[in-house]
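Visitor: I'd like to learn how to read a two-chain model. Could you walk me through this one?

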Amino acid sequence: MAVDLPAPRVGPLAEAAPRPLRLVLNWGRRYSLWVFNFGLACCAIEFIAASMARHDFIRLGVIPFAPGPRQADLMIVSGTVTDKMAPAIKRLYEQMPEPKYVISFGACSNSGGPYWDSYCVTKGVDQIIPADVYVPGCPPRPEALLHGILRLQEKIAAEQVSGAAIAQRRRPASAAQLTRPLVGPGGSGPLRPAGS
Amino acid sequence: MSLAIGSPDAVGQRLGSALGLDAPLPAHDAQGTVCVDVPRERWHDALALARSDGGMDMLDWLSAVDEPDGDPAGVDVVAHLVDSRSGRGVGGPGGPGLVRLLARTRLPLADLAVASVTDLWPGAAWHERETHEMFGVRFDGFDDGTGQGLRPLLLPDGFEGTPLRKSFVLAARASKPWPGAKEPGESDAGPPSRRKVLPPGVPDPSWGPREAGT
C-alpha cells in the first residue's frame with residue numbers, strides 16, 4: 001500500500017512551521033546528504049577511502065552517488081583548487097539547488113595548503129564559494145572526514161528556520177552576478193554577452 | 001645500463017662529426033645519461049641526425065632550465081630522446097639496456113629563440129607550448145597542424161608572465177600573511193633576515209604589507 005507523502009521542502013512555510021516539524025525537517029536533511037564530490041587531487045583518494053568498507057560514510061546517511069550538481073545538496077571540495085578550475089567550481093556550486101552545504105576537505109582547499117605560494121593556486125575554496133565545514137590535514141584521515149560530516153550534521157540540526165536565517169542562506173545575487181557572461185565549454189569566450 | 005648509447009666522449013665525437021663540426025661536442029654524464037651540448041643554430045639538425053642515424057625515434061620530453069648564473073646567462077632547452085626499440089631485456093639478459101640521450105642547448109637571454117622540432121616529432125608541440133608559456137622561449141617554425149601557432153597550453157587565459165623563470169616572483173609570499181615556517185629549517189614564524197640568500201622567486205621582505213611587529 002503506497003502512501004503519498006509530499007516531498008519535504010524548506011520553503012517559506014517552514015518559517016511558520018511549529019518546532020517539532022522543523023526538527024523533523026532538519027533531521028531529514030542532515031541524514032540524507034547527497035554528495036557532489038569535487039575530487040581534484042590526493043584528498044579525493046582519501047574521500048574514496050572514507051566511502052569504502054572500513055570507514056564508510058554511507059552509514060552516516062551520506063550517499064556519494066549524486067549524478068550531478070542538480071541532484072546534490074552537499075559538495076565536498078577535496079584537493080588543490082587551481083585558478084583555472086575555479087570558474088568551474090563556482091559554476092557547479094551555483095547549479096546546486098538550495099539548501100546546499102560545502103565541506104572543504106584538506107589543506108589545499110582550506111587555504112591553499114602546501115602550494116599557497118604557487119602562481120596558479122587559489123588560496124582556499126572559500127575565496128569563491130562559502131564553506132560550512134573545514135577539515136584540516138594533508139591529507140586528512142578518512143576518520144577526519146567522518147568527523148567533519150558529523151559536525152556538519154550538528155550544524156544542520158541547529159539550523160533555525162527563521163526568516164533571517166533563510167535570507168542569510170539564500171544570499172541574493174547582485175545585479176553584476178546575474179548579468180555576468182557565461183563561460184562556454186571551450187573556454188573561448190562568453191556564451192551569453194554580459195547584460196543580456 | 002643507461003650508458004647504453006656509449007661514453008659521453010664517443011657520443012660528442014659522433015654527433016660533432018655528423019654535424020660537420022671541427023671539434024667534438026661537449027658531453028657529460030648526467031646521473032647515468034649522456035648529456036650532449038649542441039650549438040643553438042644546429043639544434044634542429046642535431047636532433048634530426050639523432051633521429052635518423054642514431055635511431056632515437058622517440059622524443060620523451062622537451063623542457064627548459066633557467067640558468068641565470070650560467071656563463072653566459074641564459075635558458076637551456078633540453079630534450080630527452082629514447083630509442084624505443086631498446087630496453088631492459090632486449091638483446092638478452094646482459095643486453096645494453098635503454099638507449100637514451102639528453103640534448104641541451106643554451107639560449108642567450110637577449111634572444112630566447114630556437115628551432116622547433118615539431119616537424120620531426122608532432123608530439124613535441126605540447127612540450128614546446130608548455131616551454132613557451134613557462135619560460136618565454138620562442139620556437140621558430142612551430143607547426144602543430146591546427147594553424148594556431150605557438151600558444152599557451154596550461155595557464156589560464158589572461159595570465160601574465162612566465163612562471164618557471166627564476167626572476168618570476170611569488171607574489172603570494174608578500175601579499176598573504178602565512179603563520180609558521182615558510183622555508184624548511186625555520187622553526188619560528190617571521191620573515192627571513194636580509195642577510196640570508198632568498199630562494200629564487202621569493203620576494204624581498206620589503207615587498208607587500210608588513211607583518212605585525214616589524
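Guide: Let's start with confidence. Residues are numbered from 1 along each chain as its sequence is written, chains are lettered from A and ligands numbered from 1 in the order in which they are written, and side-chain values use heavy atoms, leaving out hydrogens and water.

Visitor: Which elements of chain A have the lowest and the highest mean pLDDT?

Guide: Where pLDDT is low, the predicted coordinates should not be read in detail. In chain A the lowest mean, 58, belongs to helix α1 (residues 12-15), and the highest, 96, to strand β4 (residues 133-135). Helices (H or I, at least four residues) and strands (E, at least two) are DSSP runs, numbered from the N terminus. Chain B averages 85, with 89% of the residues at 70 or above.

Visitor: How do I read a sheet? What is the strand order in chain A?

Guide: Strands of a sheet pair through backbone hydrogen bonds, either parallel or antiparallel. Here, two strands pair if DSSP finds at least two bridges between them. Chain A has an open sheet of four strands, ordered β1-β2-β3-β4, with parallel pairing. Its edge strands, β1 (35-39) and β4 of chain A, each pair on one side only. As one example inside the sheet, β2(A) and β3(A) share five bridges in the parallel sense, and Leu74(A) has Tyr101(A) in β3(A) as its bridge partner. Helix α3(A) packs on this sheet, touching β1, β2 and β3 of chain A (contact means heavy atoms within 4.5 Å).

Visitor: And in chain B, why is one side of β1 and of β3 left without a neighbour in the sheet?

Guide: The open sheet of chain B has five strands in the order β1-β2-β5-β4-β3, with mixed pairing. Strands β1 (27-30) and β3 (58-67) of chain B stand at the edges with a single partner strand each, so one side of each has no neighbour in the sheet. Strands β4 (residues 74-82) and β5 (residues 100-108) of chain B run antiparallel and are joined by nine bridges; Ala79(B) sits opposite Ala103(B) in β5(B).

Visitor: How much area do the chains bury between them?

Guide: The size of an interface is often given as the accessible area lost when the parts come together. Chains B and A bury about 1100 Å² (accessible area, 1.4 Å probe, lost on being put together, summed over both), 69% of it on carbon and sulfur atoms. The contact takes 16 residues from chain B and nine residues from chain A.

Visitor: Which residues form the salt bridge?

Guide: A salt bridge is a side-chain nitrogen of Lys or Arg within 4 Å of a carboxyl oxygen of Asp or Glu. The rule finds one across this interface: Asp117(A) with Arg173(B), whose closest N and O atoms are 2.8 Å apart.

How values were computed. Predicted model: local features only at pLDDT ≥ 70, side-chain atom pairs only at ≥ 80, totals over all residues. pLDDT = per-residue confidence, 0-100. Buried area = accessible area lost by both parts, 1.4 Å probe. Axes fitted to C-alpha atoms, helices over the stretch in contact; angles between N-to-C directions.
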